[in-house]
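Biologist: I am new to this model. Please take a close look at the ligand site: which residues are closest to the ligand, and how many surround it?

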Amino acid sequence: MYIIDGKEVSKTIKNKVKEEIMVNNYKPCLLVIMVGNNPASLVYISSKEKACNKAGIEARTIMLPENTSQKELIDVIEKANNDKTVHAILVQLPLPNHMDTKEVIDTIKPEKDVDGLTSTNQGKLVLGNASIIPCTPKGILSLFDAYNIDLTGKNAVVIGRSSLVGKPTALVMLQRNATITMAHSKTKNLKEICLNSDIIVCAVGKPKLITADMVKEGAIVIDVGINRVYDTIVGDVDYYNVSKLASRITPVPGGVGPMTIASLLENVVECYKIQKNIK
Ligand code: NAD
């Protein structure tokens, strides 16, 4: 078994982004908008800010109280849409229950939609001509590239069908010519599907959902899940036992997580270049 080292690969990508910004004297700016004070979101925002600053990206944050109305949030987004000094906008999810996430996200100008979550950018992803690929799927593709993993003709299962991770991951892997099965909470024969898969990508949020008896020898396992168990962070895969069977596997932490941040930096620069008409 070989570990797919997301920490290492993400460092290389972050350095490339930093160099591109420095060499070309780009001045990209990411605006993060957060509503409420979800502790996990606060941690994510702080690591995004740190990574941006290190790469030479200006990171601004607007924190709004939990009882902000949807109209007030949309006003903030529209102001940022029209602000020429802001090139990328990220609305930290989840939003409070009184908001319609889709409506809020669709207010972001597609060329500033750094997470690739607007209907326009998701539609482009389906058509295969996306300019902004959501950060986690993009990070997973970068891992495949870094380890020369060719998806052509491989049987792959993507478990989880969220718009943020599962669906876009299946789409980008399909574009790389994998034969995709999408599994979700209503899937009946998950074990059978996994046993038939050369690649398993799991993005559910349930510790030990994928156990050794579900994985065929030599499979590649990408664990997207982030679960807090007591004081530690674990993925969705029973890493200890599955790693004995898999040919390659991502650890948690240190696998997909750091790649998501690296892809965010790449997407900020992508948004900047789209707006400045830089090819
Ligand atoms: P989500 O809750 O929106 O989606 C979970 C999906 O899992 C759903 O589509 C559901 O159908 C499916 N599911 C639930 N139970 C299942 C079961 N028993 N069998 C098969 N499928 C089942 O979550 P999300 O936003 O897609 O995130 C998924 C996980 O990935 C979470 O743990 C999240 O923290 C993590 N995540 C990690 C990163 C990263 O950078 N590593 C980024 C985003 C999300």
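Modeller: A polar contact is a pair of N or O atoms within 3.5 Å. The model is predicted, so local features need pLDDT of at least 70 and side-chain atom pairs pLDDT 80 or more, while totals for chains, interfaces and linings use all residues. Residues are numbered from 1 along each chain, and side-chain values use heavy atoms, without hydrogens or water.

Start with the shell. The ligand is surrounded by 19 residues (a heavy atom within 4 Å). Arg161, Ser162, Val224, Ile226 and Thr260 are the closest. By class, eight shell residues are nonpolar, nine are polar and two are charged. Here Asp, Glu, Lys and Arg are charged; Ala, Val, Leu, Ile, Met, Phe, Trp, Tyr, Cys and Pro are nonpolar; the others, Gly among them, are polar.

Now the backbone. Val224 has a polar backbone atom 3.2 Å from a ligand nitrogen. At Ile226, a backbone N or O atom sits 3.0 Å from a ligand oxygen. On its own the ligand exposes 860 Å², and the protein buries 73% of this area (Shrake-Rupley, 1.4 Å probe).

Helices are DSSP runs (H or I, at least four residues), and strands are E runs of at least two. Helix 10 gives three residues to the shell, the largest share. There is also a salt bridge to follow here. Such a bridge is a side-chain nitrogen of Lys or Arg within 4 Å of a carboxyl oxygen of Asp or Glu. Lys273 pairs with Glu20 in this way, N to O at 2.7 Å. Lys273 belongs to helix 10 (residues 256–275) and Glu20 to helix 1, so the pair links distant parts of the chain, 253 residues apart. Glu20 is partly exposed at 26%.

Helix 1 (residues 6–24) holds another pair. Glu8 and Lys11 form a salt bridge, with their closest N and O atoms 3.5 Å apart. Why can they meet? They are three residues apart in the helix, which means about one helical turn separates them. Glu8 is partly exposed at 42%, and Lys11 is partly exposed at 46%. Altogether, the structure holds nine salt bridges.

Note on methods: Buried means under 20% relative accessible area, exposed over 50%, partly exposed in between (1.4 Å probe, protein chains only). A polar contact is a pair of N or O atoms within 3.5 Å; within protein, one must be able to donate a hydrogen and the other to accept it, and residues adjacent in sequence count only if both atoms are side-chain atoms.
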